[in-house]
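Reader: I am new to reading protein models, and I would like to take a close look at one part rather than skim the whole. Could you walk me through it slowly, and then through its surroundings?

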Amino acid sequence: MIRLFAFLVEKISLLCQVRVLFSKGVHEHTQGPARERPIAPPPLLRRGDLLEVPRTFFTHFGVYLGDGRVAHLIPDILPVLTDDQRRLAAAVGNARLIAGCLCRRAAVRVDSLEDFAYGSRVLPMERADGGEDAAEEAARRAEASLGGFPYSLLWNNCEHFVTRCRDGRGVSRQTDRFCERIKRLIRDQRSVLATATLGMVSMLYCGAAASTTLPTILIPFTLWMAG
């Protein structure tokens, strides 16, 4: 019973971290007008380089276009609502970003390196084979992608965008790591015991109805078969 309790505490802690990650992501994706200090371009930065900005719980990605400009994909609802370039060029606020996440819409836009970094250190990613020609092709692909796009936190995010510009195929190491953690959680047989216990508690508290009995049986059974 103590092991089960420790397991439940561990998973609740994981869920809390996911909530903090989303809250942090909303704040750090927002393009605010004020910054604590300007950020100089990283050394040896060239047009077509893929950039990453480490955050507390995630990493944001963009493509360097030269002259202190970065193309990056960010959740944004406004391209769906208007073609007014002046409004689209304005900073992406919380309302636009949250609405973009909920409606699964995003925009590839060009911001200054300072706005893209948002107070964090900018790091160049590993360059693709092909030298300057490959870098120039990545920059051109990024410039050709400006505008509104479908958005998915797992399947079409900022990392998919930059790797698609560089390699022609979008991949995300962050998505792969997240899915691997979910797979380990599902295959952990303690999840079966935890869900069965919670199901029994819900049946005792709410009564043995279809809405409580079926999940109590089906969820542990599915986890058991998946493990």
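How much space lies in the second largest pocket?

Author: The model is a predicted one, and in it the second largest pocket holds about 280 Å³ of space. The pocket is lined by 14 residues, and those closest to its centre are Gln85, Leu88, Val108, Arg109 and Gly147. If you ask which elements give two or more residues to this lining, they are helix H3, residues 85–89, together with strand E4, residues 105–112, and strand E6, residues 147–150. Of these, E4 gives the most, with four residues. Sorted by class, the lining of the pocket has seven nonpolar residues, four polar ones and three charged ones.

In general, the strands of a sheet pair through backbone hydrogen bonds, and the pairing may be parallel or antiparallel. Further along the order, strand E2, residues 59–66, runs antiparallel to strand E3, residues 69–75, and three bridges join the two; Val63, for example, has Ala71 in E3 as its bridge partner.

Strand E1, residues 50–54, also deserves a careful look, as it is the place of Glu52. This residue has a relative accessibility of 17%, and because buried means under 20%, Glu52 counts as buried. Leaving aside residues up to four places away in sequence, Glu52 touches Thr59, His60, Phe61, Arg121, Val122, Leu123, Met125 and Arg173.

Finally, consider helix H4, which spans residues 94–103 and whose buried residues are Arg96, Leu97 and Gly100. These three cover an arc of only 95 degrees around the axis, which means that they lie on the same side of H4. On the other side of the helix, by contrast, Ala95 and Leu102 are exposed. H4 is then followed by Arg104, a residue whose phi is positive, near 60 degrees.

Note on methods: Residues are numbered from 1 along each chain as its sequence is written. This is a predicted model: local features need pLDDT of at least 70, side-chain atom pairs count only at pLDDT 80 or more; totals for chains, interfaces and linings use all residues. Side-chain values use heavy atoms; hydrogens and water are left out. On a 1 Å grid over the protein atoms alone, a cavity is a set of points where a 1.4 Å probe fits but cannot get out, and a pocket is an open set with protein on both sides within 12 Å along at least five of seven lines; lining residues have an atom within 4 Å of a point. Grid points are joined across faces, edges and corners, and a volume is the space filled by probe spheres set on the points. Ala, Val, Leu, Ile, Met, Phe, Trp, Tyr, Cys and Pro count as nonpolar, Asp, Glu, Lys and Arg as charged, and the others, Gly among them, as polar. Buried means under 20% relative accessible area, exposed over 50%, partly exposed in between (1.4 Å probe, protein chains only). The arc is that of the directions from the helix axis to the C-beta atoms. Two strands pair if DSSP finds at least two bridges between them. Contact means heavy atoms within 4.5 Å.
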